[in-house]
Amino acid sequence: MPAPSTIAIVGASLTGASAAATLREEGFDGRVVLLGAEPQLPYDRPPLSKAYLRGATPFEKTLLRPAEFYREKEIELRLSTTVTRVDAEKKWLELAGGERLDFDSVLVATGGRNRRFPIPGLDLPGVYDLRTVADADRIREVIAPGRRAVVVGLGFIGAEVAGSLRECGVEVVAIEPFKTPLFRALGEEIGRVVEGLHRDHGVDMILGDAVAAFEGSGRVERVVTTSGRRVECDFAVFGLGIEPAAEVVAGSGVRVDNGIVVDELCRTNVPGVFAAGDVANHYHPVCARPMRVEHWQNGVKQGAAAARSMLGRGQPYDEVHWFWSDQYDANIQYAGFHAPWDQVVVRGSLAERKFLAFFLTAGRVESAVAINQGRDLRRAFSLIRARLPVDPARLADPQVDLRTLVPAEKTA
Amino acid sequence: MARFVTVAKANSVQPGQVLKVEIDNFPVAVANVGGTFHAFDDTCTHEDCSLADGDLEQHKIICPCHFAEFDVRNGAVLTPPATVPLKVYPVRVQGSDLQVEF
Ligand SMILES: Cc1cc2nc3c(=O)[nH]c(=O)nc-3n(C[C@H](O)[C@H](O)[C@H](O)COP(=O)(O)OP(=O)(O)OC[C@H]3O[C@@H](n4cnc5c(N)ncnc54)[C@H](O)[C@@H]3O)c2cc1C
Ligand code: FES
């Protein structure tokens with residue numbers, strides 16, 4: 001396959017920027033055009049719910065790379081540019097405003113957007129969500145000690161926002177329909193630990209109840225739950241998950257099913273069209289099923305993998321998925337492949353919030369979560385990759401080096 | 001002014017190990033890579049975690065918080081999310097003492 005001469009990347013964030021940089025590292029000397037709807041240089045999202053939201057880090061520190069990088073590497077950055085359509089047959093992009101851009105190959109790295117539910121009052125001023133730096137800036141404007149906030153949804157983003165608000169002295173009531181925070185990802189036992197963390201920091205939690213409406217005249221003044229509770233507030237932030245932003249490929253013949261469907265080489269079903277990052281529902285060779293994840297590490301690594309694949313040098317993308325979430329002084333990390341589990345094995349102390357917990361299915365470790373135990377979590381990567389039955393007693397024993405539980409020929 | 005400060009006994013950091021020490025209340029890590037010592041800031045340039053709490057794999061130190069990797073020989077960033085290199089310090093062994101120039 002001859003190397004393409006123009007590679008277009010739609011979405012100038014973590015995944016797209018990683019792909020563009022990798023193309024140059026790999027020696028690609030054709031044209032690289034990186035197009036993104038946001039006006040800022042590609043930046044990092046994790047600080048948006050953490051240090052940036054608290055005003056503890058300036059925006060410049062969240063930039064993925066300095067402006068010179070793109071100039072030096074001759075990466076054409078087209079910011080504030082929305083791509084309206086990928087025409088896979090004619091091999092051009094249609095941009096808002098009517099311009100067309102020809103390409104030989106295209107990488108779709110359009111990420112996700114926050115899910116919105118038809119809850120009455122969701123559009124009231126004072127009700128926020130968080131995906132971009134512009135969103136974070138809007139929330140920062142209303143943060144002040146003593147103000148009252150309602151956080152709706154205690155998934156990772158909601159939990160981080162609740163933590164940051166508390167650290168800024170905001171009074172926080174959090175409403176979560178499941179029994180505990182992070183319930184879907186971590187289950188009840190570990191979810192309770194996270195609940196304790198937030199209670200200890202003064203978050204008032206309403207669990208097992210959902211938001212029925214946001215109310216107020218001209219601006220949100222209270223949140224009403226399905227069980228009839230009314231929580232007065234000055235503002236509210238909801239975090240109800242994201243949906244993949246796949247509409248640019250509509251009508252192009254590219255298969256979309258929970259994101260853009262790609263194989264282990266980041267290829268869609270249409271030649272010349274690739275996808276990676278939050279938008280990509282990728283086939284994962286380690287667990288032999290498709291999955292879509294919304295993790296920083298996947299953005300970096302899959303963006304790079306897609307770039308190599310576009311140059312005809314692809315290797316199956318088979319990273320053990322991994323992400324972190326920082327809440328107060330707790331560094332939470334999760335690795336592996338989320339699947340229904342039948343056993344949880346804890347290594348360390350739940351009470352002290354310093355542990356690693358393994359989720360096992362039929363005796364195999366599918367995934368693991370750590371709080372303030374990152375080194376051990378990383379040591380578990382090869383165990384997760386190996387997909388072999390392990391002795392739970394040895395997993396639980398802090399004296400056992402997790403790297404020794406995998407036969408040498410299976411080591412990652 | 002920079003001077004060599006004794007931080008530990010040389011035999012207290014075996015090959016493959018990292019030790020956290022403090023010089024003037026400043027956290028510094030010393031790694032032993034196959035018999036050669038390397039000293040560097042213990043504080044990760046990403047978000048301030050202690051690198052001595054991470055694993056040393058040959059010449060790579062891996063931050064336990066978000067798994068940034070640095071080359072302990074020169075402080076270079078090998079893997080993001082860190083983008084800023086780590087400060088490194090000269091090390092020497094005087095008799096049985098491990099000394100860091102600080
Ligand atoms: C607040 C927050 C905190 C997070 N914290 C963590 C964390 O602690 N740890 C972790 O592992 N992960 C975290 N994540 C997740 C991580 O940031 C994402 O996985 C990552 O941003 C995915 O990168 P991406 O480039 O695939 O998508 P995105 O970052 O969503 O970027 C997609 C880009 O494409 C642009 N775009 C979309 N459609 C078009 C179009 N038609 N034309 C032009 N441009 C378009 C968008 O404007 C956007 O800039 C966090 C995310 C958020 C929002
Ligand atoms: S603090 Fe070290 S990688 Fe983030």
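Look at helix α4 of chain A, where the buried residues are A:F156, A:G158, A:A159, A:E160, A:V161, A:A162, A:G163, A:S164 and A:L165. Here "buried" means under 20% relative accessible area, with exposed being over 50% and partly exposed in between, using a 1.4 Å probe and the protein chains only. Helices like this one are DSSP runs of H or I with at least four residues, strands are runs of E with at least two, and both are numbered from the N terminus. Before going on, note that this is a predicted model: local features need pLDDT of at least 70, side-chain atom pairs count only at pLDDT 80 or more, and totals for chains, interfaces and linings use all residues. Residues are numbered from 1 along each chain as its sequence is written, chains are lettered from A and ligands numbered from 1 in the order in which they are written, and side-chain values use heavy atoms, with hydrogens and water left out.

Back to α4(A), which is mostly covered, with nine of its twelve residues buried. What does the covering? The cover includes β10 (148-152), β11 (171-176), α5 (183-200), β16 (235-238) and β22 of chain A. From first C-alpha to last, α4(A) reaches 17 Å, close to the 16 Å expected at 1.5 Å a residue; that expected span is 1.5 Å times one less than the number of residues. After the helix comes A:G169, whose phi is positive, near 85 degrees.

Now hop to A:Y328, in the loop between β22 and β23 (330-336) of chain A. At 14% relative accessibility, A:Y328 counts as buried.

Next up is helix α1 (residues 14-25). At 1.5 Å a residue, its twelve residues should span 16 Å, and because the end C-alpha atoms are 16 Å apart, the two agree. Eleven of the twelve residues are buried. They pack against β1 (6-10), β2 (31-35), α2 (67-72), β3 (75-78), β7 (105-108) and α6 (296-310) of chain A. A:G27 follows α1(A), with a positive phi near 90 degrees.

So what sits around ligand 1? There are 32 residues around it, the closest being A:T15, A:E38, A:R45, A:K50 and A:R131; a residue is near if one of its heavy atoms lies within 4 Å. An oxygen atom of ligand 1 is 2.7 Å from an N or O atom in the side chain of A:R45, and a backbone N or O atom of A:W296 lies 3.0 Å from an oxygen atom of the ligand. Taken alone, ligand 1 exposes 990 Å², and the protein buries 93% of that; these areas come from the Shrake-Rupley method with a 1.4 Å probe, and for residues only the protein chains shown count as cover. The elements giving two or more residues to the shell are α1, α4 (156-167) and β22 (322-327) of chain A.

Definitions and conventions:
Contact means heavy atoms within 4.5 Å. A polar contact is a pair of N or O atoms within 3.5 Å; within protein, one must be able to donate a hydrogen and the other to accept it, and residues adjacent in sequence count only if both atoms are side-chain atoms.
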